Amino acid sequence: MRITHRVGTKAAIDEVWAALGDPTRWAEHDVMVDHVECVRGLVREGQHLVVVSRGLRLRVPVDVRLVAPGRHLGLTVRTAPGLTHEVDVMLTPRPGGGTQVRVQVLLDGVFARWWWLPEWATRGISTRLLAWRSTRTAVRLGERSAA
């Protein structure tokens with residue numbers, strides 16, 4: 001089962017990638033993430049992370065499949081036995097400035113059919129939150145450089 005969300009932001013790709021490429025900042029824009037354990041620096045291909053979920057505080061294994069800085073982040077999330085999420089976040093420049101954020105999730109496993117609605121809702125909110133927070137950061141940076 002495939003889910004896709006597309007959102008535009010006025011922020012440049014560098015500002016969006018700064019939040020996306022740093023796992024310690026994922027809680028800022030992903031409504032399901034409380035924090036990421038044992039991580040230093042930016043994401044790297046082949047990295048194995050443990051994400052602690054908000055609320056229930058579940059420890060969820062996440063593998064970093066693909067890193068193309070400023071363009072693409074690919075993650076494999078194993079939420080539970082029988083449920084895997086292949087999450088791909090792609091960034092492209094928008095004509096006239098800003099960034100198009102496209103998040104695509106492929107749900108697989110015996111529980112995928114029951115998980116699509118919660119995944120669609122939370123991923124949609126998180127995608128919009130990433131775009132909104134990146135825009136706010138870009139505006140603040142612009143104000144600081146103008147001062």
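In this predicted model, Arg 123 counts as buried, at 15% relative accessibility. Its salt-bridge partner is Glu 119, with the N to O distance between the two side chains at 3.0 Å. Glu 119 is likewise buried, its relative accessible area being 4%. Both residues belong to helix 2, where they stand four residues apart, about one turn of the helix.

Trp 120 is partly exposed, with a relative accessible area of 44%. Together with Met 1, Trp 116 and Leu 117, Trp 120 makes a nonpolar surface patch of about 420 Å². Helix 1, at residues 13–20, has as its buried residues Ile 13, Val 16, Trp 17, Ala 19 and Leu 20. These residues lie on the same side of helix 1 because the arc they cover around the axis is only 160°.

Seven of them form an open sheet with antiparallel pairing, in the order 1-7-6-5-4-3-2. Strand 1 (2–9) and strand 2 (33–37) are the edge strands, each pairing on one side only. On average, neighbouring strands of this sheet are turned by 25° against each other, direction ignored. Strands of a sheet pair through backbone hydrogen bonds, in either a parallel or an antiparallel manner.

Within this sheet, strand 5 (residues 72–80) pairs with strand 6 (residues 83–93) in the antiparallel sense, over eight bridges. His 72 has Met 90 of strand 6 as its bridge partner, and Leu 75 stands opposite Val 87 in strand 6. The two strands form a hairpin with two residues between them, and Gly 82 in the turn has a positive phi of about 90°.

Strand 6 is joined in turn to strand 7 (residues 99–108) by ten bridges, and these two strands run antiparallel. Here the bridge partner of Glu 86 is Leu 106 in strand 7. The hairpin of strand 6 and strand 7 has five residues between the strands, among them Gly 96, which takes a positive phi near 90°. Asp 108 also has its place in strand 7 and is exposed, with a relative accessible area of 53%. Although Asp 108 and Thr 84 are 24 residues apart along the chain, their C-alpha atoms are separated by 5.2 Å.

Salt bridges also connect other parts of the chain. Side chains of opposite charge can pair when their charged atoms come close. The count of salt bridges comes to eight. In one of these, the side chains of Arg 57 and Asp 34 meet at 2.6 Å, N to O. Arg 57 lies in the loop between strand 3 (48–53) and strand 4 (59–68), while Asp 34 lies in strand 2, so the pair ties together parts that are 23 residues apart in sequence. Both partners are partly exposed: Arg 57 has a relative accessible area of 45%, and Asp 34 has one of 26%.

Another salt bridge is formed by Arg 78 and Asp 63, whose closest N and O atoms are 2.6 Å apart. Because Arg 78 lies in strand 5 and Asp 63 in strand 4, this pair ties together parts that are 15 residues apart in sequence. Arg 78 counts as partly exposed at 38% relative accessibility, whereas Asp 63, at 19%, counts as buried, the limit for burial being under 20%.

How values were computed. Residues numbered from 1 in each chain as written. Predicted model: local features only at pLDDT ≥ 70, side-chain atom pairs only at ≥ 80, totals over all residues. Heavy atoms only, no water. Pairing = 2+ DSSP bridges. Buried < 20%, exposed > 50% of the residue type's maximum accessible area, 1.4 Å probe, protein only. Arc of directions from axis to C-beta. Patch = residues over 30% accessible without salt bridge, like charges linked within 9 Å, V, L, I, M, F, W, Y side chains within 5 Å. Areas by Shrake-Rupley, 256 points an atom, 1.4 Å probe, with all protein chains shown as cover. Salt bridge = Lys/Arg side-chain N within 4 Å of Asp/Glu carboxyl O. Axes fitted to C-alpha atoms, helices over the stretch in contact; angles between N-to-C directions.
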